[in-house]
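Hello,

Here is the structure I promised to pass on.

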Amino acid sequence: MTKKFVISSGHGEKVSGAIGILNEHNEAKKVVNQVYAILTTQYNGSGYKYHETTATTQQRNLDNIVNYHNGKSRSLDISVHFNSASASATGSECLYYDARSLSVKMASAMSNALGIVNRGAKERKELYFLRNTTKPAILLEVCFVTSKKDAAAYHKNFEDLCQAIAKVIAEELGYKKKVTTASKSSKASYYKSGTGLYRIKKDCYAYKKVKS
């Protein structure tokens, strides 16, 4: 049976995350949606995605997110966040309760994809999401919403970032890339020459002349 995952965006529609050059919750939703799409279409992954929309307090927001994760049959929990600090702060990091090895891989993959500093894996047992989810869990801090450098790198390398995140998750859960076979379209046309009627067959990129 394929191992399942749950991936969610940090914060919620009514409980704002960090806002700077980037809006944390809005960008987290984009990352969640794209990583989920990659895992379920480009890989043989199976899982769930979640964006919290109803809570009006931080505690209720956290409860709703954790309850959604714990309510699903899965092997891994992922929460996507963006960091905030001074304008000079930069880099990607991954926070964990006990999934250190996976967090090391994820922090490296994100920083490499974005071309920014790798701030590494950090143990954070006090964080509500990491402490209360019942499966191995990681919390991604993609980059800093307060950094012009990070924001530019994020916009430029968004797809590379999502592919890198998806690859780490896929390797952890044993997903395989789907093999796609490019379909060839062929069109035929004809022309006359002194030796008879010939058919020109367009097969992808090559033109072949065949006696009709």
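Let me start with the lining of the largest pocket: its residues divide into 7 nonpolar, 6 polar and 3 charged (Ala, Val, Leu, Ile, Met, Phe, Trp, Tyr, Cys and Pro count as nonpolar, Asp, Glu, Lys and Arg as charged, and the others, Gly among them, as polar). This is a predicted model, where local features need pLDDT of at least 70 and side-chain atom pairs pLDDT 80 or more, while totals for chains, interfaces and linings use all residues. Residues are numbered from 1 along each chain as its sequence is written, and side-chain values use heavy atoms, with hydrogens and water left out.

The largest pocket has a volume of about 330 Å³. A pocket here is an open set of points on a 1 Å grid over the protein atoms alone, where a 1.4 Å probe fits, with protein on both sides within 12 Å along at least five of seven lines; lining residues have an atom within 4 Å of a point. Points are joined across faces, edges and corners, and the volume is the space filled by probe spheres set on them. Of the 16 lining residues, His 11, Leu 62, His 81, Leu 127 and Leu 139 are the closest to the centre. The biggest share of the lining comes from α2, with 4 residues (helices are DSSP runs of H or I, at least four residues, and strands of E, at least two, numbered from the N terminus).

Now the sheet. It is open, with 6 strands in the order β2-β1-β3-β6-β4-β5 and mixed pairing (two strands pair if DSSP finds at least two bridges between them). β2 (46-52) and β5 (118-123) each have a single partner strand, so one side of each is left without a neighbour in the sheet.

At one end, β1 (residues 4-12) and β2 run parallel, joined by 6 bridges; Ser 8 has Tyr 50 of β2 as its bridge partner. At the other, β4 and β5 also run parallel, with 5 bridges, and Cys 94 has Ala 121 of β5 as its bridge partner.

Best wishes
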